[in-house]
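Biologist: Could you take me through one part of this protein in detail, the nonpolar core, and tell me how the rest of the chain is arranged around it? I would be glad of a connected account that I can follow with the model open beside me.

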Amino acid sequence: MFIDKNSVIINNIVMGQYLTRAKFGYYKTWSSDTGYNLANEFTGTFTGLFPKLVLTFKRLNSDEVKALAPIFDSVVQTVSYDDPVKGKYTMQTHTGDWEIEYARMKKGQPFTVSFIANKPRS
């Protein structure tokens with residue numbers, strides 16, 4: 001399946017017009033009982049595979065920042081994207097911090113925001 005930047009939809013807004021890059025990661029998470037035992041064998045409880053989308057946004061003008069800031073500022077987002085294994089996939093996410101840098105005070109510079117799944121991929 002080909003992943004298209006227009007396939008990323010956050011809170012019902014298609015992100016393609018704002019993105020220059022989309023990085024899709026799948027991170028294995030283990031519980032606190034995980035580690036190596038005295039026989040030097042890896043043991044533990046696997047808690048799930050958590051998708052993470054790292055989206056790089058283009059240089060945004062002030063109207064675009066105003067349109068997207070509520071998404072970045074919200075505690076939870078609804079993200080839909082074309083998952084290479086599951087097909088169209090929708091998940092609840094939280095974001096990392098976001099910051100935008102202005103150069104020559106005209107447009108913000110490109111920046112990234114990470115959208116991390118709140119639950120493991122089913």
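Modeller: Happy to. Let me begin with the overall form, bearing in mind that this is a predicted model. The protein has a radius of gyration of 17 Å, whereas a compact globule of 122 residues would have one near 14 Å. Along the principal axes, the C-alpha trace spans about 60 × 30 × 25 Å. There are 11 strands and 1 helix, and the order along the sequence is β-β-β-β-β-β-α-β-β-β-β-β. Of the contacts with a separation of 6 or more, 60% are between residues 24 or more positions apart.

Now to the part you asked about. Buried residues make up 35% of the 122 in the protein, and the largest nonpolar core has 22 residues. Met15, Phe57 and Phe115 have the most contacts inside this core. Two or more core residues come from each of β6 (46-57), α1 (62-73), β7 (77-83), β8 (87-95) and β11 (111-117). As a general point, nonpolar side chains tend to be buried together in soluble globular proteins.

Beyond its neighbours within four places in sequence, Phe115 is in contact with Ile10, Pro51, Lys52, Leu53, Leu55, Ile71, Phe72, Gln77, Val79, Thr93, His94 and Thr95.

Thr112 is also found in strand β11. This residue is partly exposed, because its relative accessible area is 43%, between the cut-offs of 20% and 50%. With sequence neighbours within four places set aside, Thr112 touches Val54, Leu55 and Thr56, and Leu55 is also among the contacts of Phe115. Thr112 and Lys58 are 54 residues apart in sequence, yet their C-alpha atoms are 9.1 Å apart in space.

Tyr26, by contrast, is 38 residues from Glu64 in sequence and 29 Å away in space, C-alpha to C-alpha.

The accessible surface of the protein comes to about 7,600 Å², and carbon and sulfur atoms account for 52% of that. There are 15 positive and 11 negative side chains, with the centres of the two sets 7 Å apart.

Notes
Residues numbered from 1 in each chain as written. Predicted model: local features only at pLDDT ≥ 70, side-chain atom pairs only at ≥ 80, totals over all residues. Heavy atoms only, no water. Core = buried A, V, L, I, M, F, W, Y, C linked by side-chain atoms within 4.5 Å. Buried < 20%, exposed > 50% of the residue type's maximum accessible area, 1.4 Å probe, protein only. Helix = DSSP H or I, 4+ residues; strand = E, 2+ residues; numbered from the N terminus. Contact = heavy atoms within 4.5 Å. Rg over C-alpha atoms; globule rule 2.2 N^0.38 Å. Areas by Shrake-Rupley, 256 points an atom, 1.4 Å probe, with all protein chains shown as cover. Lys, Arg positive; Asp, Glu negative; His and termini not counted. Charge placed at Lys NZ, Arg CZ, Asp CG, Glu CD.
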